[in-house]
Amino acid sequence: MRYVAATTAEEASALLAAETGLAKVLGGGTDILVQMRAGMVEPALLVDIKKIPGLREIKSEAGGFRIGAGVSGAELMRHSAFATTWPGALEGFNLIGSTQVQGRATMAGNLCNASPAGDAVPGLVAAGATVRIQGPKGQRDCPIEDVPVSPGKTSLAKGEFITSIFLPAKPARTGDAYLRFIPRTEMDIAVASAGVCLTFDASGTCTAARVALGAVAPTVIVAHDAAKTLIGTKVDAAALDALQAAATALARPISDKRGTADYRRETVGVLARRAAQIAKTRAGA
Amino acid sequence: MTTDTKRNFKVVGTRPNRPDGVDKVTGRAMYGADATAPGMLWGKVLRSPHPHAEIVSIDTSEAMKLPGVQAVVTGADFGDPESLFVSDVQEHCMAKDRVYYDGHAVAAVAATSASTAAKALKLIKIVYKPLPHVTDVDAAFAHGAPVIMHHRAFEILPPGTSANATNFCEFGHGDLHEGFAKADLIVERSFRTAATHQGYIEPNACLASYSSDGRADLWCCTQGHYHVRDLCAQIMGMEAAQLRVTASEIGGGFGGKTSIYVEPVALMLSKKSGRPVKMVMSREEVFRATGPTISSSMDVKIGMTKDGRMTAGQAVIRASGGAWPSGTMEMGAQAAFACYDMPAVKTIGWNVLTNRPKESAYRAPGAPTAIFGVESVIDEMSQKLGLDPLEVRILNAADAGTLSSYGPTFNQIGLKATLEAAKNHPHYKAPLGPNQARGLSCGFWFNFGGNTSVSLAVNTDGTVNITEGNPDIGGSRASIGMMAAEELGIPFADVRTIIGDTASIGHNDTTDGSRVTFAVGLATIRAARDAIQKMCHRAAQIWDIDPDAVEWEDGAAKPSGPNAGQFPPMTIKEIAANAFRTGGPIAGHHEVNADGAGVSFGVHIADVEVDPETAHTLIKRYTVFQDAGKAVHPSYVEGQMQGGAVQGIGWALNEEYIYGADGRLQNAGFLDYRIPVASDLPMIDAVILEIPNPGHPYGVRGVGETGIVPPLAAVANAVTRAVGTRMTDLPISPPKIMAAKAAAGK
Ligand SMILES: Cc1cc2nc3c(=O)[nH]c(=O)nc-3n(C[C@H](O)[C@H](O)[C@H](O)COP(=O)(O)OP(=O)(O)OC[C@H]3O[C@@H](n4cnc5c(N)ncnc54)[C@H](O)[C@@H]3O)c2cc1C
């Protein structure tokens, strides 16, 4: 296996594109190194992107934030402007692993590992985040939810990798939240999860809503029909009941060692409801 | 034996730092994987992906051709040990003509690097003929189940019994029929428990070096290096004297390191290659091919009068210890009703073969699951009769003179005192919040004594070295050094205790059965008395008086009375300094098959909060009450009580071996095999009771195992009371709680 620490995004992309064997990006390595040790993947080339200038920076851009693909959970946690603006997107990311794992893990890695249960993803989807992709032919942007296509697979073409994640400017009276269910209290993988982002008008009526459901389908579900139940409401008990029922109905989970399909359906509805309540409080509505 | 309960202890009962502590927290301690030798090779095992298959052929020729590969072994390299037990152990370490579980070893390679060995494994070609498999205990019992091994029944089993049934047992006394007839209420329930793993943090590892002259050395992490020697010597066809086994520091065992896994494979690879071979199991291998406990299914029936007195109890336990016969359910059948004074009781145990790894001991093997069923039914009956569950237990508790459910009559035991302590503890009366409930359970374990050798050397400066032969898992070097210091009347700091290898002292049974502080402690006290007697002789010789006129007090010899002469006390240091002039080095030793271990009881109280919508269970408060006889080092006694409770909580809530329909283990890692993490638990309060064990000079009872027994029912009873429907199937994971609530219409 070859290991290369690329110094420019173009170089990294060229290396990935040129490799005939399996070529993998190395972010924090908290997924891929574990998978390599377990013999699950055997890359011929590992391209470390953390030395590329700018990839470990968090920048303000158009009222929002551009987060380099190499930024770790511990680094983003200490960025107070981001933390106060997008607490839901941040809490999903910060739930990952332990203090040690937080020192390495990246949002891009969580996204590109493409686990249906990735904790950083639903919060980012709810917040309307996009990714910037470097490829052999240059850069392109795409919505977060379009990156994973099935468990372990992404829509990235050969030679493409993510250089940054962009969270847009947050509208006034907007709040976001992320909740996951695990049987324990930490160091576990989501059995079901929900990210919710809500915007209210001055009268306290919900004008925009995004709901993302995790671990209940092969990829994160952008639950438009669940979000719709809240728009035009005050996100009161009746609206929350409708949200819960809609989220449960939209879930397409499997039964596996981590939980039954019935259990996941029920729980994802509860989490969506609870996350919406938190998002509402954070929006100040 | 007389127990010195009135003794004014000076060292015993204090809390000095453990002598192995600094090395362990600084990383200096040498664990199994830390042993290396010049010219060492790395060994790796190829494991079966099938739960049950015939091995049609194994072709290792390509692997042998890979540069760096020095040896390959398969089942064909091993002989047929005379003992059926050893033959089973050997077959579990390396398959012969069939594989019996997912993860069963089929071949192993030794190469100059670990990565070369891993590469070589992929070059071994094996043709399997898959056979029907069964991993569920009840399915294995059923008529028409795939038969795993024929003719392994140890008893004459009733006609129509599944061919997979191997062991059977029956215990009890009294007239059940009459007992149930006297009952106002009879409850009968079935329970299931999943296999769990000991979950020790250090994966099994060893280094084997087989010399061309037929002698061998083995370094490994184990709970019992003498047992490892006996097994490996038989498997290798060696004489015990030619195989020296040294136990490393051990990163947990909990019973799981009482057998062998890679050790004979490493020895065989070393023999074939002529080089030392090191093997370190991965976590996945540990889960697939070592440990776990039995999985079980059981029916419990209890009769009770309306004021809570049990009139009769019955339990039928069906357990599986994997693909080889296992007697663990026998201990469960004995323990099931051991806490109670039963007018009539009968317990029956069965073992059945399944395509799972060979079960290994885990803290109080057999007892937690059996007692879970009994304690759950008692809780249900208390609820139905409107009685306080603690009072019901006090009313039925076994006491001195009780004929136990498994045969012996108890002498001094601590159950009633333990229950009273629980009743009077603030925890039992503390208010509960919404969605919270409280559960409790009693627990029992036999405790063992067993064969022990201790050698105690008085050094020339008057300090003392103890050599014992039991790997220190829970702080036993501290406790043993403390008992020696106590008996000799010297400071604890003057004693250093080491674990000798198999060639250094006589035989020692394995560190299991909560035996070490009891049995090695007892042997140490007697070895100290032996040394004291010799030191008194030396003093008598110097003073020129009769040795009988010398006694030992506070670390010194002194004349026993004014008639013996007027000499100032002669300290151990003075006697030691003069040793070479008074007859030579001074040492004491003691060898014993220790009896009288003294049974142990515990009571646990668990408060849980169950999220009504997600069925997430949180342990809010937990208190352990346990009889330690005499707590030699109270911190380590508390540690045992807390550790047992935590492992039992894991067993109750989330831990389980999950097999797919394909018979393969689905959760061979700590991500999906969920042991509790620190944030899952409150501080576990530990209340030590001291009801002296008449079988030990200081009254010590083993404390290592009882603590894992009550949590299964304590937690299940609490969850049951919180959700309003009885939870009978462990682990009580959130999906199961939600399904049970839905089925009960809650
Ligand atoms: C102990 C432990 C606990 C964990 N707990 C959780 C948890 O609670 N929740 C959870 O969701 N995950 C958890 N994880 C998984 C992991 O930590 C996260 O998925 C993490 O976010 C991965 O980020 P990384 O930078 O380490 O990814 P890496 O391991 O570096 O990469 C992961 C995958 O993404 C690809 N990749 C990485 N960066 C890019 C990029 N910029 N562009 C394209 N492809 C890229 C890699 O090639 C690889 O396939 C845990 C892992 C461990 C070891």
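## Interface of chain A and chain B

In this predicted model, 19 residues of chain A are in contact with 22 residues of chain B, contact being defined as heavy atoms within 4.5 Å. About 1900 Å² is buried between chain A and chain B, and carbon and sulfur atoms give 53% of this area. Buried area is the accessible area (1.4 Å probe) that two parts lose on being put together, summed over both. On the side of chain A, Arg184(A), Lys257(A) and Tyr263(A) lose the most area to chain B, together 35% of what that side buries.

## Polar and charged pairs between the chains

Six salt bridges are found across the interface of chain A and chain B, each requiring a side-chain nitrogen of Lys or Arg within 4 Å of a carboxyl oxygen of Asp or Glu. In a salt bridge with an N to O distance of 3.6 Å, the side chain of Lys257(A) meets that of Asp672(B).

Helix α11 (residues 261–283) of chain A supplies five residues, the largest share of the side that touches chain B; helices are DSSP runs (H or I, at least four residues), numbered from the N terminus. By class, this side of chain A has seven nonpolar, four polar and eight charged residues. Ala, Val, Leu, Ile, Met, Phe, Trp, Tyr, Cys and Pro count as nonpolar, Asp, Glu, Lys and Arg as charged, and the others, Gly among them, as polar.

## Domains of chain B

An automatic or database domain assignment provides the bounds: chain B is divided into domain 1 (21–28 + 449–594), domain 2 (32–131 + 203–250 + 257–289) and domain 3 (295–447 + 598–743). The centres of domain 1 and domain 2 of chain B, taken over C-alpha atoms, are separated by 39 Å. Their contact takes 19 residues from domain 1 and 16 residues from domain 2.

The area buried between domain 1 and domain 2 of chain B is about 1300 Å², with 56% given by carbon and sulfur atoms. Three salt bridges are counted between these two domains. Asp501(B) and Arg244(B) meet through their side chains in a salt bridge of 3.1 Å, N to O.

## Basis of the values

Local features need pLDDT of at least 70 and side-chain atom pairs pLDDT 80 or more, whereas totals for chains, interfaces and linings use all residues. Residues are numbered from 1 along each chain as its sequence is written, chains are lettered from A in the order in which they are written, and side-chain values use heavy atoms, with hydrogens and water left out.

Conventions:
Helices (H or I, at least four residues) and strands (E, at least two) are DSSP runs, numbered from the N terminus.
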